[in-house]
Amino acid sequence: MKYRSEIDGLRAVAVVPVILFHAGFGAFSGGYVGVDVFFVISGYLITVILLNEIEAGTFSIARFYERRARRILPALSVVMLACLPFAWLWMIPDQLKEFGQSVTAVVFFVSNFLFWKEEGSYFAAAAELKPLLHTWSLAVEEQYYLFAPLTLAALWRFGRRRLFWMVVGVAVLSLLATEWGWRYAPRANFYLPQFRIWELLAGSICGFLATSHAPRASNGLSALGLGMILFAIFAFDEATPFPSLYALVPVVGAALVVLFAHKGTVVARVLSARVLVGLGLISYSAYLWHQPLFAFARIRSLVEPAPALMMALAVLSLVLAYLSWRYVEQPFRRRPVPLLPSRRDLFRASALVGGLFAVVGIAMTVSGGFPSRLAGVAPGSYADTLLASFRRSSVKLDCAPVPPGENRAPLCAVFTPEHPKLRILIIGDSHAGSILPAFAGVGRDNAVYQMALASCPPINRTTLHRAIFDIGVCEQATRDQLQAARDGHFDVVVLAARWSVYARRGRGRSFALGPEGDPSFPSFETSRATFSSHLAATVQDYRALGAAVVLIDQVPEHPVVPRKVIEQAVLLNLDHGSGPAQFEKAVEESSTTVEEDGKLQGFATAELDKLRGEKVWVLSFDALFAHGGRYVWGDRNGAYYIDGDHLSPYGAALVEPAMTAAFTTIAEELKPSGSAPPLP
C-alpha cells in the first residue's frame, strides 16, 4: 500500500482536538469528533490492505492479527503499567475498584461495554476521572477487526461489486440505528459497536472506491471535507445529539479528504506539513497518554486543575507519545527484525502480559478498591469527622419488599406517631428518598409515608423517554401513587424530585418528557410544555382528592461528587496542619455558583412557583446552602450531599429545622378536624 503523508496529517487534525477537548478548553467543544475521524481512517486503511491481499491471494488471518498486536499492544501495555502506581496512590476505593474493572475490560477489548453499563455518560463530570475511558474507541475498533477480515474473505465469493453494496447496506442500517439510538438509548448509542460500525464502514467504502478507481484529486471536495471536520470541532458541543445524523459532518468530511486530498491539492500540501505528519505518526500514543494524564491530574487536585496545567499536560502527552512511538511502537514494528520476531512468541507474550493485567484488575475489583488504604483514621480526627457525614441515617423504611425484577414504588411507613396531626405522603423520584431525614421533626407529630421510584418524576399521565426503566414503568408508578393517595386519605401530598433534569437539555443524561400514549419522541419544546401542563394537572389531581399539596424545590446541584472529594482529602493526608482550610477552599471552589444553578434550575423553579395557591405550597431551602455567591456542598464538618444533587444525612439535618417550621405553619393553616384511621 502506497504511503500517503496526508493521511498522517489527517490523524493530527483528529487527535489534537480530542486532547484539547478532554483538557477542558471550550473552544474545542466538538473535539470529540476526532474519534469519528479516526474510525474513518481505520476503516479505510484496513479495507485497502485486506482487499489488496485477498485479490493477490496472500491474505492470512494470523498475519493480520500479528500486525494488529504489534500496532496496538506494546504502547497500550506501557500506558496501563504507568497508570498503576498513580491509581494505587491517589484513587479512593470506589475509583480504584472501577479502575480495576476497566483494566480487566481493556485486556479483553470490551471496555466500551463496561462504560456503557456504568451509570453516567461520556460527557458527565465523573467520566473525567476515568484514566482508561478513552479505550472505549479501541475496543470498538478491535471488535470491528475481529469480524471484518473474516467477513470480507468469506463474502468475497459473491464478487467485489456485491460485497461493496453489502457494506453500503450495513452502513446505512447502522446509521439509521444510531439516529434511533441517540433518542432512546443514548449511552448504548455512544459506546456500542452496532451504532458505530457505520463510521468504520464509511472508511471501508472509501477503501473499495480507492482500490477500484484511479486516484482523483479535487481541491474543492478535499477542502469541503476538511472544512466539515473543522466545523464539527468548533460548532458541536456536549448538547449535540451524538452520534446521530450530525456525525455525518465529520465522517463525510473525513471521507472526502481520504478520497480527494491527493498530492497536488492544497489540502494535501497542508496536511503533509512536517509538523502535522509528525503529530500523525505519534497520534496513537498521544491518544493513549492524554486521558490518564488529565484524569490523574483531576484526581490529585481537589478542584479542577488550572488551564495552564492542563495545557502543560497536553504538551506532555505529546512528549510521552514521541518517546513511546520511538522506543516502544517502532521497535515492535520495525522490519526486518522487530522485537519478538516470532509470531508465536509475540502472541505468547501478549497473552502473558494481558493475563497479568487481568489479575491486577480483578484483584482491585474483588477487594473493593483496597479500602484498607484508608484505614487507620483516628476516631474524632478531622478525617473521621468528614467521613462520619456519610454514616447511615437513622431513618428506617417500613414497607413490603419489592420482588426481584419488579420496578415499582412501594408504600413505606417512615414516621408513625400514635396520634398524628396530619397524614403526609411523600412521592417522587430518588430525591423524595434523600429528603426523608429532613422530616424527622415533622414526624414527631405527623404520620409520614413515602412512595418513590428513582428517576421517575411524580407527574401524572406522562411518558419519560431516555429513562433508566422501560417505557411503562414510570407511568405505572404515578398511577400507583395517585391510587395510594386516594386509598390512604392523606391530608398532605408532598412532591419531591430532581425537577430540572426533566425539563432541560444539557450534559450527561437528558430526559425527555412527553404526554402518555404519544409514541413520538418529544422535542425540547414539547418536553418543557409537557412538564408545565402535566405538573399543574398533577397538583389538581391531588387537590381533587382533598389533599393539600407541598412541592419541594430541588436543592442546588453541583458538578462534583462530594464523597469522592472528601475521601480524596483523606487519602492525600489533609488530616493535619492546614487540612481543614484546604478542604473548605476546595468545597467553595468546586461548589456551584448561584448564577450557574439559576441557569440550570430556572425554568423548573419558575414553573413550581406558578403553582402556589390555596392549599398548595412551594418550599425552597436554597438559602441554607448559600455562601459568598455560591451554594456550597459542605463545610469542614462534612458534606451536605452524597453526590451532585442528593442530600446526605448531614445535609438533611441542615434542612430539618426549616422543614419542621414550614410544616408547623402548614398544619396551623390546615387545622384538620381529626385523624384518619391508620393504613393497614
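These questions and answers go through the fold, the rings and selected residues of a predicted model.

Residues are numbered from 1 along each chain as its sequence is written, and side-chain values use heavy atoms, with hydrogens and water left out. In this predicted model, local features need pLDDT of at least 70 and side-chain atom pairs count only at pLDDT 80 or more, while totals for chains, interfaces and linings use all residues.

Q: How many helices and strands does the chain have?
A: Helices (H or I, at least four residues) and strands (E, at least two) are DSSP runs, numbered from the N terminus. By that count the chain has 24 helices and 13 strands.

Q: What is the radius of gyration of the chain?
A: The radius is taken over C-alpha atoms, and the globule rule is 2.2 Å times the number of residues to the power 0.38. For 680 residues, a compact globule would come out near 26 Å. The chain agrees with that, at 28 Å.

Q: What box do the C-alpha atoms of the chain fill?
A: The box is taken along the principal axes. Its sides are roughly 90 × 60 × 45 Å.

Q: What percentage of the residues of the chain count as buried?
A: Buried means under 20% relative accessible area, exposed means over 50%, and partly exposed lies in between (1.4 Å probe, protein chains only). Of the 680 residues, the buried share is 55%.

Q: Among contacts between residues at least 6 apart in sequence, what percentage join residues at least 24 apart?
A: Contact means heavy atoms within 4.5 Å. Among these contacts in the chain, the share joining residues at least 24 apart is 80%.

Q: How far apart are the centres of the positive and negative side chains?
A: Lys and Arg count as positive and Asp and Glu as negative; His and the chain ends are not counted. Each charge is placed at NZ of Lys, CZ of Arg, CG of Asp or CD of Glu. The chain has 60 positive and 55 negative side chains. The centres of the two sets lie apart by 12 Å.

Q: How many aromatic pairs are there?
A: Rings of Phe, Tyr and Trp (its six-membered ring) pair if their centres lie within 6.5 Å; planes under 30 degrees apart count as stacked, over 60 as edge-to-face and the rest as tilted. By this rule the count is 30.

Q: What kind of aromatic pair do phenylalanine 86 and tryptophan 90 form?
A: Phenylalanine 86 and tryptophan 90 sit four residues apart in helix H3 (residues 61-90), so about one helical turn separates them. Phenylalanine 86 is partly exposed at 37% relative accessible area, and tryptophan 90 is partly exposed at 21%. The centres of their rings lie 5.3 Å apart, and with 55° between the planes the pair is tilted.

Q: What kind of pair do the rings of phenylalanine 190 and tyrosine 191 form?
A: Both residues are buried. Their ring centres are 5.2 Å apart. The planes stand at 70°, so the pair is edge-to-face.

Q: Which residue does a cis peptide bond join to phenylalanine 242?
A: Phe242 belongs to a cluster linked by ring pairs, with Phe21, Tyr32, Phe231, Phe236 and Tyr246. Omega of the cis bond is about -5°.

Q: Is histidine 489 buried or exposed?
A: Histidine 489 lies in the loop between helix H19 (473-488) and strand S5 (492-496). Phi there is near 50°, a positive value in a residue other than glycine. With a relative accessible area of 53%, histidine 489 is exposed.

Q: Which residues does asparagine 112 touch, not counting those up to four places away in sequence?
A: Asparagine 112 is in helix H5 (residues 111-117). At 0% relative accessibility, asparagine 112 counts as buried. The residues touched are Trp136, Ala139, Val140, Gln143, Tyr191, Leu192 and Pro193.

Q: Which residues is serine 29 in contact with, leaving aside neighbours within four places in sequence?
A: Serine 29 lies in the loop between helix H1 (5-23) and helix H2 (34-56). Serine 29 is buried, with a relative accessible area of 18%. The residues in contact are Phe21, Ile233, Phe234, Phe236, Asp237 and Glu238.

Q: How many residues of helix H21 are buried?
A: Helix H21 (residues 562-571) has 10 residues and is mostly covered. The buried ones include Pro562, Lys564 and Glu567.
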